[in-house]
Amino acid sequence: MPSPPSAHERPALPADTQVPLESPFQKSGTQVTLIWPEQRVRRIVLALPVERGDGRKYGHSLAEIGRLPAHLREGTVFAAPTFSQSPWLVNHATRADCQQEDHLVRVVVPTVLAILGGQARPPVHLLGFSKGGFAALNLLTRHPGLFAVASVWDASLLNDRPPHPQLVDVVGSTARLDDYDVRHNLRRHGAALHGTRRIALGGIGTLEADWTAGRQLLEELGIPHDAYRNAPADHRWDTAWLAPALQHLLALEADSLPDLSARKE
């Protein structure tokens, strides 16, 4: 992992920053790209990918985020990490170079926080769709003290169906697959999410059955959340779903972190 300069040594940051990462948990060549706000940083939003490397088959997260209205981007650092395998954000049972969860938690997040320097630590939120939505919900349940809010759209594997072959490949064993069953994790760790609303479950694109099953499960478990289905869009990075997803993220932040929302710029 690179050693960012200290706060007093660091030059003014450009509009976007690409940081190469040397990680023991991934093959070489990963990076995190950041879009910086003009205002004081108030939050970090991790845009979780759906493709390995810097794939663009399903669009480009930061390009779409850059097209959003300014009020939805104000005060936010958007960070887009890359992974050397299909990014389900799981740790492989045996392969040291396929520890995606550890890469995000132990390399990506600390790197972004270190670049911010000595300012008060802002909350770190999760944003994603498809497998990125699956990953965001898993990460929130497994690391409720590190991540504040998860806003997801058209999330995968909230409905009864076999695991995706990509997920089976990057997780490596049946036992490890059970560790990352998002529905089991909501049941196992849901008590940590029983306070304020920290999940926004959006739809519907392609995975309507997953949205319905996810909403029913959250209600069954008594986990406070926002569930909305008025964001139809193609199953890709798209401002059509990003705008409401970020609106809900900011609303959840205001509810769960009222002291942050009350601070003056």
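## Stop 1

Select Phe129: it has 0% relative accessibility, so it counts as buried (buried means under 20% relative accessible area, exposed over 50%, partly exposed in between, with a 1.4 Å probe and protein chains only). Before going further, a word on what you're looking at: this is a predicted model, where local features need pLDDT of at least 70, side-chain atom pairs count only at pLDDT 80 or more, and totals for chains, interfaces and linings use all residues. Residues are numbered from 1 along each chain as its sequence is written, and side-chain values use heavy atoms, with hydrogens and water left out.

Rings of Phe, Tyr and Trp (its six-membered ring) pair if their centres lie within 6.5 Å; planes under 30 degrees apart count as stacked, over 60 as edge-to-face and the rest as tilted. By this rule the count comes to 6 aromatic pairs.

Next, pick Trp241. Its pair with Phe129 is tilted, at 5.5 Å centre to centre and 50 degrees between the planes. Here too distant parts of the chain are linked, with Phe129 in strand S5 and Trp241 in helix H9, 112 residues apart. Trp241 has 0% relative accessibility, so it counts as buried.

## Stop 2

Step along to Ser130, which lies in strand S5. Its phi is near 55 degrees, a positive value in a residue other than glycine. Ser130 counts as buried because its relative accessibility is 13%.

What is the phi of Asp154? It is near 55 degrees, again a positive value in a residue other than glycine. Asp154 lies in strand S6 (residues 150-155) and is buried, with a relative accessible area of 1%.

Then jump to Gly203 and Ile204, where a cis peptide bond joins the two residues, with omega at about 10 degrees. Ile204 has its place in the loop between strand S7 (199-202) and helix H8 (208-221).

## Stop 2: the largest pocket

Rolling a probe the size of a water molecule over the atoms shows where empty space is left. On a 1 Å grid over the protein atoms alone, a cavity is a set of points where a 1.4 Å probe fits but cannot get out, and a pocket is an open set with protein on both sides within 12 Å along at least five of seven lines; lining residues have an atom within 4 Å of a point.

The largest pocket has a volume of about 330 Å³ (the space filled by probe spheres set on the points, with grid points joined across faces, edges and corners). Of the 17 residues lining the largest pocket, select the closest to its centre: Tyr58, Ser130, Lys131, His164 and Gln166. By class, the lining has 7 nonpolar, 6 polar and 4 charged residues (Ala, Val, Leu, Ile, Met, Phe, Trp, Tyr, Cys and Pro are nonpolar, Asp, Glu, Lys and Arg charged, and the others, Gly among them, polar).

## Stop 3: strand S3 and its partners

Select strand S3 (residues 43-47), where 5 of its 5 residues are buried. Both faces are covered: Arg43, Val45 and Ala47 on one side, Ile44 and Leu46 on the other. S3 pairs with strand S4 (residues 76-81) in the parallel sense over 4 bridges (two strands pair if DSSP finds at least two bridges between them). The bridge partner of Arg43 in S4 is Thr76. S3 and S5 also pair in the parallel sense over 4 bridges, and Leu46 stands opposite Leu126 in S5.

## Stop 4: helix H3

Finish on helix H3 (residues 100-116). At 1.5 Å a residue its 17 residues should span 24 Å, and its end C-alpha atoms are 23 Å apart, which agrees (the expected span is 1.5 Å times one less than the number of residues). Of those 17 residues, 13 are buried, so H3 is largely enclosed by the rest of the structure. Just after H3, Gly117 takes a positive phi of about 80 degrees.

How values were computed: Helices (H or I, at least four residues) and strands (E, at least two) are DSSP runs, numbered from the N terminus.
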